Number of protein chains: 2
Amino acid sequence: MSEKIRGVLAPVVTPFKSDRTPDAQRLLSHCRWLISQNVGLAVFGTNSEANSLSVEERLDLLDELVAAGVPPDRMMPGTGCCAISDSVRLTARAVKLGMAGTLMLPPFYYKAVSDEGLYRNFASIIEGVGDPRLKIYLYHIPPVSQVGISLGLIERLLDDFPGAIAGIKDSSGDWNNTRAMLERFAGRGFDVFAGSESFLLANMRGGGAGCISATANVNPAAIDRLFQQWQTAEADQLQNELDAIRAIFQKQPMIPALKHAIAHFSGDSVWITVRPPLVELSPQQSKQLIDDLVAAQFEMPGLVVYA
Amino acid sequence: MSEKIRGVLAPVVTPFKSDRTPDAQRLLSHCRWLISQNVGLAVFGTNSEANSLSVEERLDLLDELVAAGVPPDRMMPGTGCCAISDSVRLTARAVKLGMAGTLMLPPFYYKAVSDEGLYRNFASIIEGVGDPRLKIYLYHIPPVSQVGISLGLIERLLDDFPGAIAGIKDSSGDWNNTRAMLERFAGRGFDVFAGSESFLLANMRGGGAGCISATANVNPAAIDRLFQQWQTAEADQLQNELDAIRAIFQKQPMIPALKHAIAHFSGDSVWITVRPPLVELSPQQSKQLIDDLVAAQFEMPGLVVYA
């Protein structure tokens, strides 16, 4: 049995052409850079504008990345949709392509749904995919999805599908919740990824598997360094340095800010394009972002200048 | 120019077979019954579990209904998705099929998005469809979508796309909001539909166009009677009678309750099937529902017994 994926992953931002169609070539360049920085690829996460892409657009991008040589065992695409039929289709493709796992949102249109209903959703997907290679990482992000994954739901899924339920990304922003997941489930081979590098050191000390973080799109090497060195005397200092960079991005709307930074450091301005309902940074926001990054001596070494 | 659709519409519940695949034949039977009760068809609304269906499943059902003779000028399908590419595809099909309009959710994954971002979403869809026959009814349902349609956004869209922006369904549950829409926009040919029959009489008195209500799936004739007779002396009494029936359904989870009532009065038990994350009524809930309906002498006359 192969090793499960661990470490730092980026919810890879999805580049669009100026007409807002997905740009497979720029995505490939960015994925290659991230892989070169030892960061895995959680394509189609929240920061990827995944839900602003049709299922077909996502399937096409997955196929193109793998066909171009991106290693599938470093990929954990988001495959959880509102419709079970969509989730099964996307997840089955990811499994067929040999990906390390899939990051799975709960269905997020109806609110205040029951754990029984969410259990049936995940059970139906597991049965619909019907492949023993399937590894699901649950995606708990109540600030956005407004539908969460409770501890009781995790326990029931782990009891019934121990092979398929591989772990979780906890983007609750609530360390007490992450700690409870570690205490209750890490001993059962359930891999807990922090939802940002803010909790990376705490998560590793608590027995976690790494983090999946927006800012790994722009600051991958430094985040990976903490993952590699979390047991050293420098770990707290490395965490502080990561926090300072993250704070700069968190002053702005995150997804447009990530894209703006990539555009700036690559000199490739089309990278700023987002799909509605998101909007690009305003001139004031982008000036503030770049001023802050320059003041922090922030760089993105090795980033491919595409254009 | 043809008359715009007015009156009472049902967000048609979507029947599933016992394997949870969409059941086109039962949907057709239910649509025919609703049409016979003078109720229009807002298929693929919230109560239709629309977001639990893939875009392909929705396209197939639209095609099948029209091919079977359901009148497209009595249809207002929901076509607003998180991905613009999906919204364009669904909306274009509805327009091509000659439907009266489309009911359009805003993209609902990202929260706290700007009116600018929502404006770009609707503008992109209008331009992507590129058909002068397009009539969009905005769908304001913040309790579920968590992303609303502000008065300022309506004004901007009406200013820029007066032909395409035809009206709104207001499911905020806030009469002050509905009244503000009527006061500001009804004079510009913007048709305001109340989100339930609870506000049907008030909406008609304020210059509205009707209502689009969950319970029109089960109580269509009585709701249409109030629409027809809202200017008569009996109107307040009719409103009170509608409220009493609606209150029975609102004691239970609405969508499973609607399906349970249809199953009960048609004798066709497969109708109770819902897709996760929803769950069917519990035995206690279903007993309470039927007891309450029997006590109220509620009936669904003419409902086709399918099985």
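**Entry 1: a threonine**

In which helix of chain A does Thr91(A) lie? I found Thr91(A) in helix α3 of chain A, which covers residues 84-96. A reminder to myself before going on: this is a predicted model.

I then listed its contacts, leaving aside neighbours within four places in sequence. Thr91(A) is in contact with Thr79(A), Thr102(A) and Met104(A), and also with Ile125(A), Val129(A) and Leu134(A).

**Entry 2: a glutamine in α10**

I moved on to Gln239(A), whose place is in helix α10 of chain A. With a relative accessible area of 8%, Gln239(A) is buried, because the cut-off for buried is under 20%. Not counting residues up to four places away in sequence, I saw that Gln239(A) touches Glu197(A), Ser198(A), Leu200(A), Leu201(A) and Leu226(A). I also checked Leu153(A): Gln239(A) and Leu153(A) are 86 residues apart in sequence, and their C-alpha atoms are 32 Å apart in space.

**Entry 3: two helices**

While on α10, I looked at how it packs with α11 in chain A. At what angle do these two helices pack? Helix α10 (residues 235-250) and helix α11 (residues 254-266) of chain A meet at about 110°, and their axes are 9 Å apart. That angle makes α10(A) roughly perpendicular to α11(A).

I noted the residues that meet here. From α10(A) come Arg246(A), Phe249(A) and Gln250(A), and from α11(A) come Met254(A), Ala257(A), Leu258(A) and Ala261(A). Sorted by kind, the residues of this contact are five nonpolar, one polar and one charged.

**Entry 4: rings**

How many aromatic pairs are there over all chains? I counted 17 aromatic pairs. One pair I followed up is Phe108(A) with Tyr109(B): the ring centres are 4.9 Å apart and the planes stand at 65°, so the pair is edge-to-face. Phe108(A) lies in the loop between β3 (102-104) and α4 (115-129) of chain A, and Tyr109(B) lies in the loop between β3 (102-104) and α4 (115-129) of chain B, so this pair joins two chains. Phe108(A) counts as buried at 2% relative accessibility, and Tyr109(B) also counts as buried at 2%.

I then looked at Phe185(B) and Phe190(B), an edge-to-face pair with 5.7 Å from centre to centre and 70° between the planes. Both Phe185(B) and Phe190(B) are buried.

Which residues do ring pairs link into a cluster? My list reads Phe108(A), Tyr109(A), Tyr110(A), Phe108(B), Tyr109(B) and Tyr110(B).

**Entry 5: charges over rings**

I checked Arg156(A) and found its charged end over the ring of Tyr119(A), 3.6 Å from the ring's centre. In chain B, Arg156(B) lies over the face of Tyr119(B), at 3.6 Å from the ring centre.

**Entry 6: an isoleucine in chain B**

My last stop was Ile272(B), in the loop between α11 (254-266) and α12 (283-295) of chain B. Ile272(B) has 30% relative accessibility and so counts as partly exposed. Leaving aside neighbours within four places in sequence, Ile272(B) is in contact with Lys259(B), His260(B), Ala263(B) and Glu280(B). How far apart in space are Ile272(B) and Lys17(B)? They are 255 residues apart in sequence, and I noted 9.5 Å between their C-alpha atoms.

Terms used
Residues numbered from 1 in each chain as written. Chains lettered and ligands numbered in written order. Predicted model: local features only at pLDDT ≥ 70, side-chain atom pairs only at ≥ 80, totals over all residues. Heavy atoms only, no water. Axes fitted to C-alpha atoms, helices over the stretch in contact; angles between N-to-C directions. Helix = DSSP H or I, 4+ residues; strand = E, 2+ residues; numbered from the N terminus. Parallel < 35°, antiparallel > 145°, perpendicular 65-115°, else oblique. Contact = heavy atoms within 4.5 Å. Nonpolar A, V, L, I, M, F, W, Y, C, P; charged D, E, K, R; others polar. Phe/Tyr/Trp six-rings, centres within 6.5 Å; stacked < 30°, edge-to-face > 60°. Buried < 20%, exposed > 50% of the residue type's maximum accessible area, 1.4 Å probe, protein only. Lys NZ or Arg CZ within 6 Å of the ring centre and 35° of its normal.
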